[in-house]
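Q: I am new to this structure and would be grateful for a close look at a single part of it. Please describe one chain and the side that it turns to a partner chain.

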Amino acid sequence: MITFQTVANPDAFEVPIVEWGALSPLLIMALAPILLVTVSSVVPSFKKASLPTVYTAGAALLSAAVTATLWSDNRLLMDGALTIDRFTLVGWLIIAVGVAAIAMLLDNYIVKQGYFEQIIEWNVLLMISAAGGMIVVAAQDLIVLFVGIEVLSIATYVLVGLHLRKPIAQEAAFKYFILGAVSSGVFAYGIALVYGATGSTYLSEIATSGRNSLGLNPVVDSSLMLVGIALMLGGFAFKVGAAPFHSWTPDVYQGAPTPITAYMASAVKVAAALGFARVMHDAFGEFSVDWQPLVSVLAVLSLVAGSFIGLAQKNLKRILAYSSINHVGFILIAIYALDEGVEALLFYSASYAFTVIGSFGILMMMTQTEPVLAESDDEKMVMIGANKIRNLESADGMTLDDLAGASKRHPLLAGLFAVLLFSQAGVPFTVGFWAKLQAILAAVSVEAYLLAGFAILAAVVAAVLYLRIVVAMYLKSDDSEPARTNYSKLSLIAVVACVLLTVGLGIYPEPLSDLVTNAGS
Amino acid sequence: MEQYLPIFALLVLAVLFAAISFIASRLLSPSLSTVEKSAPYECGIIPNQEPSERFPVKFYLVAMLFVIFDIEIIFLYPWAVEYMNLGAAGYFAILLFSALVFESFIYLISKGALDWGPLQLNRNQSAIAGKPNAFSTATAGVRIVGTEGRFEHAKEVA
Amino acid sequence: MIDVVVFGVSAIIVLGGALGVVLSKNPVRAALSLVASFLAVAVLFVIQQAHFLALVQVVVYGGAIVVLFLFVIMLLGVDKVEDLDLPERSQVVAGIVSGLAFFGLICAGLFVSGPGGDEGNVALTGQIGRNPIDSTDDINQLAADIFTRNLVPFMATALLLTIATIGAVVMVKNSEADSSLPEAEVN
């Protein structure tokens, strides 16, 4: 038995108590990749078929299951660095389940694109990035938040560039990295100014900082604080891809490997949005008069840019990228509405996450299984094995024209895709309808009628965006035969689960709305 | 700040040494420059192509790894200064941190990122030998000749 | 008095180095100006009694980071000015304008900020009731901070370092594998 301290030390620091139980979802997500990389380095035979995928999806689902067992917890952890409440837990659940789905999509993608050598790295980076996202969602301290955002985004920069033979992916990774680094710098500057104004990085202490004996807050007049808030707002707006900080989104979404696009559009965006909401509500609640106008401008610009510019796009991934900017507009409306909007925010984030994972998943499966066409000399033809196939993934991706006849070639996928697109458009009996309704109702409940009006307008315009895709799949005449392709089972399971959730929660949304109620902090 | 005086003195000495060396060589050495003297020397043969200007990407990897382990040492330093007061909890914290960082070291070794020269050549050749391709026969590193070995053909097969 | 002189000299070196980075046509010279700037910042830290930060500044920034910069410059083969795409005039103007605007924003934040110690300006005189200078050594304070209240970001940093290793290796090893094809055949 080794004793580390034989004599009681009067100078000993008070170390925080580690609540292993409450931290376990995060610990699983953070330590599983470390274990994976170590084991696969020592035992090379671990890199076999779908074993890493099963491991990743299993770890993510375990993390989600443990999150579910913590459901009624509500307390601070690690000396107030992290917090466990309904808000955190919903965020953790979205991220963990999202990672499981993405890992299942990645499995077949990696093999098809010829990156089986790197399968461990794809999965490890995915899980570490998700652990960063979980830190962001739970952070109660600006330093923790910043490090979490960096873990989340730096791993994502690498993931975007992992399609090493695709120049457009390299370009996307580089763009994302440069702009992301600048936005991180702006964000860190904001944190520094807020710390300078208040003397604390804890959200709760920032909220009550500088109160004098009369309970007044002298910091309210502090322009230092306001500049800090504005800079942090800019940093967050970049991370969630809100207009006018959105210009990286279409390029990066188009260039990134499609499953990674799904990851960025779902888990990364949700984590950033929830961290955004928590900082704005918990730390800067007293300044809401100052930042609410900025958020509403961001929301309106995102709604308009997402729907209108999206209409001018031909490439499917770019269309979906603009649609995700449009969704950010709704999320920002929910953030604008403060306490009234917390449930709408969580409901929207959750429903949006699995809808968008399903959409990009289907896009990936269609792109990879597109058969050989008669005229075979365009630049999209590449040699895979002994066959010449039309590999849209390693070119610039699928356009609306490539979708012609997709309903005949991929009857199942086209049907599922249509359902998910209807959900994104907010058609009744899909979960997207309830999500959009809640966001608009949240705006109405804080009497932001103009914002609600813009949201409805943007939803109508965006519906055209999605209908164009459905029309291209079903109405463009084409005498294609059903493709003789066997889809990857894991990808199909992930996609079908997303569609089932979309329809099931669309008809009966109570489970999800029960999940997010009482989430206000 | 007094403890930095030696560093300052060293700085001044270094600057002086460099300056004096330059000036002295300028003043003392005879300068009889000819074309042959100023031409680059390469084993006595007149170079007919520019030397490659780019570094291999491998060097970058080493620099990157240097930064990573540098940062780890920076974190070890405050722990080492205060380790008596940090007690067992601090010990386990730094242990976990080191484990997390050194796991990437295991990864590096297994990937062969630190193999140089013959070791790496060996690794590459054994990898090629495992997978027969147009550039080598299945058993040895001998290149296939004829149309079969041409790159266009290889691209079609691959 | 000596503090003021040291501050003045190192501030000039900091700004001169920074200007050298921006104005130098040769990337290698720009990187070396950065070293000068970093070293002078380390001296500034020493004046503030932040000895550990000075050490980090020299070891990590002046040492490792600039070495990395130099490697990248060599790697890309842009160590001569004719290899560079210099920015267009409009880009330079836009950069200067946005830089000045940002500078103005920060200055506005600093000088118009709310009341702080002795009812002065919070950005210039500090927070009410807080004494920024502690008698204990900065490294002890840092250790106390990292291993108690900042344990979570400390551990998350380990994740960041893992990402950096894996990312660097997976990118570099693959580009090596691609370039290991016989080059004469490719050309």
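A: Chain B contains 6 helices and 0 strands. The description rests on a predicted model, which scores ipTM 0.86 and pTM 0.86.

Followed along the sequence, the chain has the pattern α-α-α-α-α-α. Chain B has 158 residues, of which 13% count as buried. Taking the contacts in chain B between residues at least 6 apart in sequence, 9% join residues at least 24 apart.

The side that touches the partner chain now deserves attention. Here 40 residues of chain B are in contact with 40 residues of chain C. Two helices of chain B, α3 (57-81) and α4 (83-111), each supply at least two residues of the side that touches chain C. It is α3(B) that gives the most to this side of chain B, with 18 residues. Sorted by class, the side of chain B that touches chain C has 29 nonpolar, 3 polar and 8 charged residues.

A word on the confidence of the partner chain is also in order. For chain C the mean pLDDT is 79, and 75% of the residues in chain C reach 70 or more. In residues 179-187 of chain C, by contrast, pLDDT stays under 50. For that segment of chain C, the model has 5 contacts beyond four places in sequence.

Methods
Residues numbered from 1 in each chain as written. Chains lettered and ligands numbered in written order. Predicted model: local features only at pLDDT ≥ 70, side-chain atom pairs only at ≥ 80, totals over all residues. Helix = DSSP H or I, 4+ residues; strand = E, 2+ residues; numbered from the N terminus. Buried ≥ 20, exposed ≤ 12 C-beta atoms within 10 Å, placed from the backbone. Contact = placed C-beta atoms within 7 Å. Nonpolar A, V, L, I, M, F, W, Y, C, P; charged D, E, K, R; others polar. pLDDT = per-residue confidence, 0-100.
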